[in-house]
Every structure is written in structure tokens, then in C-alpha cells.
Amino acid sequence: FSCAASVDASSLGLVRGFSGTDGLDGFALTYQNDWGQLIGFRNNWELSGYWNSELAYWKTNDSLNTHYSNITIFSLTPTLRYRRQIPYDNGVTPFLDLGYGLGVMNQKQFSDNQLGGYATFRQTFGAGIQFGSQNQYAVSYHYVVYNNAEQFKQDDGLFLNAIEFDYYFPES
């Protein structure tokens with residue numbers, strides 16, 4: 001394997017999140033700043049990473065709990081990405097993501113979930129593909145968890161599925 005430290009590309013993303021628990025539903029906007037390749041492996045694969053900044057708005061259809069029916073979360077998550085360096089012949093580049101970061105919420109309760117405090121941890125695991133003539137688009141699925149890692153007595157957490165579409169800006 002080899003090591004490198006180049007900066008790759010940045011992207012903007014739109015996330016659609018949902019969960020059966022509490023009828024969770026919502027959107028997020030993301031900005032990703034790619035670190036470039038960290039480690040290169042044989043067979044055209046690499047370990048890279050990026051900073052993921054996210055502003056999320058989640059709501060619930062729980063009509064009995066209207067006071068806590070929505071929540072806004074800002075998070076910053078360093079994320080490792082295992083991806084193919086060179087697209088396959090069909091132009092697709094697959095990847096796997098694993099991230100763990102910090103966030104701030106605008107309230108300590110969401111629906112019936114007691115979140116304990118305004119600070120939260122954001123964990124994510126996902127998979128997706130990049131595509132396009134310059135690999136400028138990506139579609140991915142992520143499982144996302146917000147919780148306080150038992151830093152407070154109450155830690156119901158939020159668990160959701162997220163479908164994300166990203167646009168990568170051309171490298172300068």
C-alpha cells in the first residue's frame with residue numbers, strides 16, 4: 001500500500017431521512033470537504049476521508065406531542081471512506097463510509113424521546129456509488145444515530161435511515 005495527503009474535492013448534499021419510530025421524517029443539507037487518499041491498497045482501492053458538516057431538520061407526525069414535534073441538529077462528523085480509486089468500466093465508483101462526530105441540538109426532547117442534553121454524538125455507517133462523466137454525483141444510504149453516549153441520565157437517542165444525493169465540485 002501507499003500513503004498520500006492530497007485534498008480531493010468538496011461536495012454539497014441533500015439528505016432525506018426517515019424512520020418508523022415516532023414517524024421521524026425530514027431533510028438535511030451537507031457540505032463535505034474531502035481529505036484525499038490516506039492509504040492506497042492493491043486492486044485500485046483506497047482509504048480516504050472527509051469532514052461532513054450537516055444541518056438537519058427532523059419532524060414527527062406524533063399529533064399528541066406537538067410541543068416536541070421537530071428538532072434541528074448541526075453536526076460535524078469526520079468520516080472514513082473506503083472506495084475504489086478508478087471507476088469500473090460502467091463509470092461507477094462504489095464506497096463504504098464510517099463516521100463518528102459531534103452535534104448540537106436546539107432542544108433536549110423530540111417526540112417522546114428524552115435526549116438528555118443539547119450536545120449529541122452522531123454515528124453513521126453507509127454505502128453508495130459515485131458516477132457521472134467526472135464522478136461528480138453520488139447516491140448513498142446511511143444509517144444515522146444521534147445519542148449522548150450516556151453522558152446524561154436520559155439517552156433515548158434518534159435512529160434514522162438517510163438517502164443522500166451529493167454533487168462534487170470539480171477539482172481546481
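Reader: How far apart do the centres of the positive and negative side chains lie in the chain?
Author: In this predicted model, the chain carries 9 positive and 16 negative side chains.

Reader: What secondary structure does the chain have, helices or strands, and how many?
Author: Read from one end of the sequence to the other, the pattern is β-β-β-β-β-β-β-β-β-β-β. The count of helices is 0, and the count of strands is 11.

Reader: Why is the chain described as being as compact as a globular protein of that length?
Author: For 172 residues the globule rule gives 16 Å. The chain comes close to that value, so it is as compact as a globular protein of that length, with a radius of gyration of 17 Å.

Reader: What percentage of the residues in the chain are buried?
Author: A residue counts as buried when its relative accessible area is under 20%. Of the 172 residues in the chain, the buried ones make up 45%.

Reader: Which element gives the most residues to the largest nonpolar core?
Author: This core has 15 residues, and among the members that touch the most others are Trp-58, Tyr-146 and Leu-158. Two or more residues come from each of strands E4 (45-59), E5 (70-84), E10 (137-147) and E11 (158-168). The element that gives the most, with 3 residues, is E11.

Reader: Which residues does Tyr-146 touch, not counting those up to four places away in sequence?
Author: Tyr-146 belongs to the largest nonpolar core. Beyond four places in sequence, the residues touched by Tyr-146 are Glu-54, Ala-56, Trp-58, Ile-73, Thr-120, Phe-121, Arg-122, Gly-157, Leu-158 and Leu-160.

How values were computed: Residues numbered from 1 in each chain as written. Predicted model: local features only at pLDDT ≥ 70, side-chain atom pairs only at ≥ 80, totals over all residues. Heavy atoms only, no water. Core = buried A, V, L, I, M, F, W, Y, C linked by side-chain atoms within 4.5 Å. Buried < 20%, exposed > 50% of the residue type's maximum accessible area, 1.4 Å probe, protein only. Helix = DSSP H or I, 4+ residues; strand = E, 2+ residues; numbered from the N terminus. Contact = heavy atoms within 4.5 Å. Rg over C-alpha atoms; globule rule 2.2 N^0.38 Å. Lys, Arg positive; Asp, Glu negative; His and termini not counted. Charge placed at Lys NZ, Arg CZ, Asp CG, Glu CD.
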